Amino acid sequence: MRWLFFIVVTLTLVASPRVEAVQPDEILADAALEGRARALSKELRCMVCQNQSIDDSDAPLARDLRVLVRERLQAGDSDGQVIDFLVARYGEFVLLKPRFSLHTALLWLGPAAVMLIGALGLFVLARRYRAVSGPAAAGAKLTPAEQARLSEILGRRDP
Amino acid sequence: MIAEFGHYALVLALALALVQAIVPIVGVRKNDPVLMAVAGPTAVAQLFFIALAFGALTICYVRSDFSVVNVFENSHSAKPLIYKISGVWGNHEGSMLLWVLILSLFGALVALFGGNLPARLKANVLAVQSWIAVAFVLFILVTSNPFLRILQPPFEGRDLNPILQDPGLAIHPPLLYLGYVGLSISFSFAIAALIDGRIDAAWARWVRPWTLLAWMFLTLGIAMGSYWAYYTLGWGGWWFWDPVENASFMPWLAATALLHSALVMEKRNALKVWTILLAILAFSLSLIGTFLVRSGVLTSVHAFATDPTRGVFILAILVLFIGGSLALFALRAPLLKQGGLFAPVSREGALVLNNLFLVSACATVFVGTLYPLALEALTGEKISVGAPFFNATFGPLFVPLLIAMPFGPLLAWKRGDLLGVAQRLVGAAAVGAITVAVIFAMEGGGPILVPFAIGLALYVMAGALTEIVERTGLLKVPLMTAFARARGLPRSAWGGAFAHFGLGLTLLGIIGETQWGIERIAELKPGQTISIRRYDLQFDGMTTRQGPNYRELAAHFTVRRHGDVVGIMEPAKRSFPSRGSSTTETALMTRGFSQLYLSLGDPNPDGSLAVRLYYKPLVLLIWFGAVVMVVGGGLSLSDRRLRVGAPKPARSKTVLAPAE
């Protein structure tokens, strides 16, 4: 049985789907260049994976892209040029942070819009409050029955 | 028989849910106390029958009854008992059953502990709660029946996905669902109030503890899931802005906002309409989360289901509940009277600001999660929205919130004194400023943001303690007096301080891990050493081991610090013959709040082994901070002022007559 065990273990290790992401042999000797490559890799999507950057992914495609990024960097491309190259080849889908365009305007401006509309709404409400109600309006609005019930609740808790 | 028994119990639960959904409402309309009183016992009975169904499925799993399709597809006879049990909810059908179980649990809790609720409110709340139950039990019975049989039962099951065979599965989904589904109570209260067209201060007293309870579970569930992903996925990440994570994060943000606005409503009788809307939104986001995960609309790491009929069914539920509740809100909200005026600079004003930021943050996550789906559906264009987007948009929204956070609890109700509060926060600000200077000097260059982020975290933590320090007179009066005063403080004050302090801890952990983490990728042969920080790890060799349903190849590392052995680390690769798949088991060594993280790559033909080694400073603070937040929630919940959910003491000693 030992040989069977050995084969199973070897096979699993060879056929394992969870290969590590960045492989030792991919790493560039130039630390600065490697640092740029890692930073770029975090911004790029592994297109066959679900929501993984090529830096995290163990898929063969991600490896190819990582090697490609490093090749472009070694050839002297700037970060922007590498990104442009990949977008030209694979489309906007490759970017984990979409560029600002007509199609993504709502995405980028949406949160700020919510914030502004909320702030504006608050401002208007605050002004209307001040105009409509005097300080007397802030009093109790409970019916007598509710008031009795409430004081009963309060009374029981704080004897 | 057991499976059929469970199936039948589920059908009975549906019938009970229908009764509970209709009769009490009729009772409220007709002002008939008998019809209204139907709600309570039915809610308990509904829980009983759903629990029976759940128990039946669990028995099928424990007995490895492979004539049941669900068990066959997700279990294996050699699986350890704990994974047989947790495997019940490690699949689509079973997890939906857990969902309705928790839904009916909350309904029953309201029925049992809601003795002092006004009868009309209680009847309405339980009826609304049951509308949700009807929809989801029907969903299970029609599209996701876990009790279906196979005509010719196989001898062995297909086993559970090995990644899910982890204690995390036993804890994470139940906690998360208790949070997610717990928000249904706030929703039911909101709808009940809208149906009746009135809310009072007692209403807020009731809603806040339930929201707090759900929020605590949700916080724990998210933190637990994050830690699980961290140690199981093998590349050291703990938050991926994955749509499924966002699905749980959005209700958390909304629930956090709801907690704070309910505070204003309870204390000052203001923000009623807004609180109701938030309660609706929080549960709607839970439903949207359920839809995203369960419909398979985004096939991501967590998604198991890809059957479109399910998606359409949940979408229908979604439209019905969210659309219906918002329509009701639009119709009824104008009837609700506003009360409790306040100046912009006041505790209320601070809480409104908190809500503005949290809701905007929630909207950011919402837009980012759904935008790619919407864009592809509308134009066919495919874009990706991932971690870099969220980091760029979410951070700027949270920073001002964190700066403002210590101000809130120090401001007075109605009209606050901003300058006075700022003066009281000088101490906290000094702590932050000194930290910035010290870190800046230590780093000597490097990213300029790091010292400021650490300073912000310490300012938040010091700010959270400011109120406690002031109220106990610590540093001014003798220690014993301060201690006595600390004991006398209301628990809710402690709760708020803990929760805010916890957020600071989490922030500190996040910055420490992301900015100071070190990574080493290397190929090692036995006998070779890899070094990180002050630690040297020597690769001693590989061993093979046999687990209950897997084989394991483990690498043995001796960890030394300045030459002294501090421990061993054994990362491993497990292979599961039943599915022909394998998992990577990372090895973790905890040093204070920091961790060494080691995971295995592939062995090379020349006998060397690829390893990834990380030093993760302060990483444990990320989750420890969440635990501190939950402790804060618990303290606040145990405050006597809030203990409305507690059972009433018996008014009179009734002697039970023996049954004749």
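Colleague: In what order do the elements of chain A run from the N terminus on?

Modeller: This is a predicted model, and in it the elements of chain A run α-α-α-α-α-α from the N terminus on, with 6 helices and 0 strands in that chain.

Colleague: And how much of chain A is buried?

Modeller: Buried residues make up 23% of the 159 residues in chain A, while residues 24 or more positions apart account for 48% of the contacts with a separation of 6 or more in that chain.

Colleague: Switching to cores, how many residues does the largest nonpolar core have?

Modeller: The largest nonpolar core has 208 residues, and those with the most contacts inside it are B:V100, B:F136, B:A254 and B:A279. Helix α9 of chain B, residues 201–232, contributes the largest share of this core, at 18 residues.

Colleague: Which residues is B:F136 in contact with, leaving aside its neighbours within four places in sequence?

Modeller: With those neighbours left aside, B:F136 is in contact with B:M96, B:W99, B:V100 and B:L103. Another core, of 19 residues, lies apart from the largest one and includes B:L537, B:F539, B:L553 and B:V559.

Colleague: Now the backbone: where is B:L618 found, and what is its phi?

Modeller: B:L618 is found in the loop between β10 (609–616) and α21 (620–637) of chain B, and its phi is near 60 degrees, a positive value in a residue other than glycine. Most residues other than glycine have a negative phi.

Colleague: Is B:L618 buried or exposed?

Modeller: B:L618 counts as buried because it has 23 C-beta neighbours inside 10 Å, the cut-off for buried being 20 or more.

Methods: Residues are numbered from 1 along each chain as its sequence is written. Chains are lettered from A and ligands numbered from 1 in the order in which they are written. This is a predicted model: local features need pLDDT of at least 70, side-chain atom pairs count only at pLDDT 80 or more; totals for chains, interfaces and linings use all residues. Helices (H or I, at least four residues) and strands (E, at least two) are DSSP runs, numbered from the N terminus. A residue is buried if 20 or more other C-beta atoms lie within 10 Å of its own, exposed if 12 or fewer, and partly exposed in between; C-beta atoms are placed from the backbone. Two residues are in contact if their C-beta atoms, placed from the backbone, lie within 7 Å. A nonpolar core is a set of buried Ala, Val, Leu, Ile, Met, Phe, Trp, Tyr and Cys residues joined through C-beta atoms within 7 Å.
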